[in-house]
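Trainee: I have just opened this one and would like to go through it slowly. Could we take it piece by piece?
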Amino acid sequence: MPAPAERPRTSTEDPLATVTEANGQAVLVAVDRQAAAAGLTPGLPLADARALVPNLRTAPADPAGERRALMALAVWCGRYTPWTAPDADVRGGGTGGLWLEITGAAHLFGGEAALLADLSARLAALGYVHKLAVATTPGAAWAAARFAPASAGAVVALPSGADATKRELASFPVAALRIAPTATEGLHRLGLRRIGQLTRQPRAPLARRFGPGLIRRLDQALGHEY
């Protein structure tokens, strides 16, 4: 019989993912940039991930530790604004983050761009891989921080104003609206994959089929509701 294949040796330079058990199998919870560039995403079974990236490094997910770290980081961000709050990863997709309300505070740092550049540099120095986004609405900023293309860099600034926000979000996937995965799947089955497609649909049928939460999230992202 042939000898069993050995798992390729890994090094600290190899892609990294955190892993947990779900429905009887190991799945990815979060991935670093190298793993994402290789096509790995949160929720992917570990067996499939290793088939794609044999040298993948893994570590057990630590939700409680991640919450504590996120809370500590929110306090640390008080240097930029007194209004900070953690945004928990309630969907288990490695998307935990922070809210910073910088209206009225950005001028103290020379403007929004200067504030974000300073924050990005400090996070990088601390070893955090990050994506920062600023937008007219919290929903639009949340979407850009998680779904803007990697080519946009670590800092994304969406143009201000309702019309500009609508244009910028049109190409984003519907999952960027902070909706439940079941709603995302249902919209996909209808061929609705982008936010721009949703904005062109009659609202009443969407509300009947998916509930008022979908319309509320859309309006929050576009600035019609807060």
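Mentor: Let us begin with Thr137, which sits in the loop between β6 (132-134) and α5 (138-147); helices (H or I, at least four residues) and strands (E, at least two) are DSSP runs, numbered from the N terminus. This is a predicted model, where local features need pLDDT of at least 70 and side-chain atom pairs count only at pLDDT 80 or more, while totals for chains, interfaces and linings use all residues. Residues are numbered from 1 along each chain as its sequence is written, and side-chain values use heavy atoms, with hydrogens and water left out.

Trainee: Is Thr137 buried or exposed?
Mentor: Thr137 counts as buried because its relative accessibility is 3%, where buried means under 20% relative accessible area, exposed over 50%, and partly exposed in between (1.4 Å probe, protein chains only).

Trainee: And which residues is Thr137 in contact with?
Mentor: Leaving aside neighbours within four places in sequence, Thr137 is in contact with Gln220, Ala221, Leu222, Gly223 and Tyr226, contact meaning heavy atoms within 4.5 Å.

Trainee: Switching to rings, how many aromatic pairs are there?
Mentor: The structure holds three aromatic pairs; rings of Phe, Tyr and Trp (its six-membered ring) pair if their centres lie within 6.5 Å, and planes under 30 degrees apart count as stacked, over 60 as edge-to-face and the rest as tilted. One of them joins Trp76 and Tyr80, and this pair is edge-to-face because the planes stand at 65°, with the ring centres 6.3 Å apart.

Trainee: What about Tyr80 and Phe109?
Mentor: Tyr80 and Phe109 form a tilted pair, 5.3 Å centre to centre with 40° between the planes. Tyr80 lies in the loop between α3 (63-76) and β4 (84-87), and Phe109 in the loop between β5 (97-100) and α4 (112-125), so the pair ties together parts that are 29 residues apart in sequence. Tyr80 is buried at 2% relative accessibility, whereas Phe109 is partly exposed at 29%.

Trainee: Which residues have the most contacts inside the largest nonpolar core?
Mentor: In that core of 23 residues, they are Leu169, Phe172, Leu177, Leu187 and Leu198; a nonpolar core is a set of buried Ala, Val, Leu, Ile, Met, Phe, Trp, Tyr and Cys residues joined through side-chain atoms within 4.5 Å.

Trainee: Which helix gives the most to this core?
Mentor: That is α10, with five residues, and α5, α7, α8 (195-199) and α10 (212-222) each supply at least two. Apart from this core lies another, of 11 residues, among them Leu73, Cys77, Ile102 and Val134.
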